[in-house]
Amino acid sequence: PQSPAIPSIFSFSSAPAASVDASQGSAAKPAAARQSPALSTPVVASGSAAVPPTSPTGATPVSPSATVPAKPGEKEGPPDQDDGLLGDLIGTEYGRLAMPRLSVLLQKFGIQPEVGFALTRHLLRERPVWKAEDVREALGDLSALVPVCSASWGGGDGVCTARLYYVFWTLDLYDISVPVERYKDTMLKLKQQITEAESRSKYSTEPHGGRKEQSPASLKEELASIEGELADQQANFALVQERLQEFTSTERPPLRNHDRFIAAFLQECVLPRCLLSTLDATYCAEFIRTMHRLQWQTFNLLVTFNQIFTTVACWLTFVTECEALRIGRFLRVLMEMLLRWRLSESTYVAECLNHPGFRDKPATKTAGIPFHTYKPVHFKLHEKLTRGFGKCLASTELHEKRNCLLVLEQLKEVFPQHRRNADVLAKAIEPLKAVEGLKALAERYATILMQKKYGELDAEDEKTEREKLRKESSSPMPSTSAAG
């Protein structure tokens, strides 16, 4: 069969990228594309004329990055923020391409859904989208292309699952997390540099140390750019949170199988996106945190953590080393969240006690589990993760053992928190010190375990576990006749 003609996705436009239009509400990034109410496809602003795209596939022009163009020698983007899947293409040539709708990318060009969303989510005028009419207008009909988007999927839980799927994939880390502290640190350093530059220009006519230094004016311009960038992201964050509040408060059909719903979320959303980039791995963890913070009745956080810690060892059997590092990043953010609640009762009461994610039945407005019950839950989750890693380290596959060691090294600050779990891992790692290709990793992580210090949390959990075992051993065994 004859291959289709190359669409305008690969054709560059001579029109320059348009300036920021703050009224559009394209939450994450300034839009080069503006939707005309009279047209079914957007138009690209070029000076005073509107140029419609030439693609017959319903193409939509791609928005550039929200970052201010970098000066020579400088990096674009917010401070210390990863570039993600598209990398340096965002904001350059990519910003002048015309992009077909997501449904066209999936159906005609065979692009995977996760890659298609990465290419098209920045075109959306409002994010996230989940309503049926908004999805059809912005993305096209995906029900026949993505099975989880079908209303009949999962024995009747498809409507709720599809809504969560759309919300998850149409958002970005830029939308749900603002690195305020990093912005403040960057602005503080710039202010110090401005003070030093002004002092040098006042008392010296030669550049300090013979080096070429930035002028106070250029530093002030850079500071103003960072401050404006922070304000833009905070405004976008507020808009996205408002839409997410609407999503979590809308009526939804009751779930028939909550475990299947969470499993679908992990399989269709978390795992595919977690493997794309470090930025996307962080987004997956922050999205879970956001759903908990918004108190979505359908989302049970403890069930989610249980399924993640049960299955994460299986994830390491089919991923590359780079993908394993991203899984480690995802786990690290989640475990930092759990540890923060475990170390402070006041924090747990404020953020978890009355939340749906910490109830036995999220849909019922009952009291959540108290702090003294959460302590053993946290301990059991760590034990479950230890058993999973132990199985990986005992595997016959070399790459699985290597992936496990890479993930464990990523988690060294938050796991293990108990000496007994560290002993189990140390015993499993000992044979790997003689394996070619694993020796350096195994010895390095064994050193980490030897140098790790265990505080009050370990002692408290060990005491609780001993008391539990003592009570179980002292309780009378039921008689045979009574059992019958």
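This is a short walk through one protein chain, from its overall make-up to a few local details.

What we have is a predicted model. The chain has 484 residues, and 48% of them are buried. Its secondary structure comes to 18 helices and five strands. If we take contacts between residues at least 6 apart in sequence, 75% of them join residues at least 24 apart.

I will start with the nonpolar cores. As general background, nonpolar side chains in soluble globular proteins tend to be buried together. Here the largest nonpolar core has 99 residues. Which of its residues touch the most other members? They are F265, F287, F330, L331, W341 and F389. Helix 11, residues 321-343, gives the most to this core, with 11 residues. A second, separate core has 10 residues, among them L190, A197, L223 and I226.

Let me stay with F389 for a moment. Setting aside neighbours within four places in sequence, F389 is in contact with L316, L331, C404, V407, L408, L411, F415 and L425. L331 in that list is also among the residues of the largest core that touch the most other members.

F415 in the list brings up a peptide bond. The bond from F415 to P416 is cis, with omega near 0°. P416 lies in the loop between helix 14, residues 398-410, and helix 15, residues 419-429. There is another cis bond to point out, from R127 to P128, with omega near -5°. P128 is found in the loop between helix 2, residues 113-120, and helix 3, residues 132-138. For context, most peptide bonds are trans, and most residues other than glycine have a negative phi.

On the subject of phi, please look at Q295. Its phi is near 55°, a positive value in a residue other than glycine. Q295 lies in the loop between helix 9 and helix 10, the latter being residues 301-315. Is Q295 buried, exposed or partly exposed? It counts as partly exposed, because its relative accessibility is 36%.

W296 lies in the loop between helix 9 and helix 10 as well. W296 is buried, with a relative accessible area of 3%. The C-alpha atoms of W296 and Q245 are separated by 8.8 Å, although these residues are 51 apart along the chain.

Helix 8, residues 258-274, and helix 9, residues 278-293, have axes that come within 7 Å and cross at roughly 145°. Which residues meet there? From helix 8 they are F265, V270, R273 and C274, and from helix 9 they are D280, A281, Y283, C284, F287 and I288. By type, the residues of this contact divide into eight nonpolar, no polar and two charged. F265 and F287, both in this contact, are also on the list of residues that touch the most other members of the largest core.

A disulfide is a covalent bond between the sulfur atoms of two cysteines. How many disulfides does the model have? The count comes to zero. The cut-off used is 2.5 Å between the sulfur atoms. For C274, the nearest cysteine sulfur is that of C284, 5.1 Å away, and C274 is in no disulfide. C274 counts as buried, at 0% relative accessibility.

Last, the aromatic side chains. The structure holds 23 aromatic pairs. In one of them, the rings of W341 and F358 have centres 5.5 Å apart and planes at 85°, so the pair is edge-to-face. This pair links distant parts of the chain, 17 residues apart: W341 is in helix 11, and F358 is in the loop between helix 12, residues 345-351, and helix 13, residues 371-393. W341 counts as buried at 2% relative accessibility, and F358 is buried with a relative accessible area of 0%.

F358 also pairs with Y348. Their ring centres are 5.7 Å apart and the planes are at 90°, so this pair is edge-to-face as well. Y348 sits in helix 12, 10 residues from F358. At 0% relative accessibility, Y348 counts as buried.

That is the end of the tour.

Key
Residues numbered from 1 in each chain as written. Predicted model: local features only at pLDDT ≥ 70, side-chain atom pairs only at ≥ 80, totals over all residues. Heavy atoms only, no water. Buried < 20%, exposed > 50% of the residue type's maximum accessible area, 1.4 Å probe, protein only. Axes fitted to C-alpha atoms, helices over the stretch in contact; angles between N-to-C directions. Helix = DSSP H or I, 4+ residues; strand = E, 2+ residues; numbered from the N terminus. Contact = heavy atoms within 4.5 Å. Nonpolar A, V, L, I, M, F, W, Y, C, P; charged D, E, K, R; others polar. Core = buried A, V, L, I, M, F, W, Y, C linked by side-chain atoms within 4.5 Å. Phe/Tyr/Trp six-rings, centres within 6.5 Å; stacked < 30°, edge-to-face > 60°.
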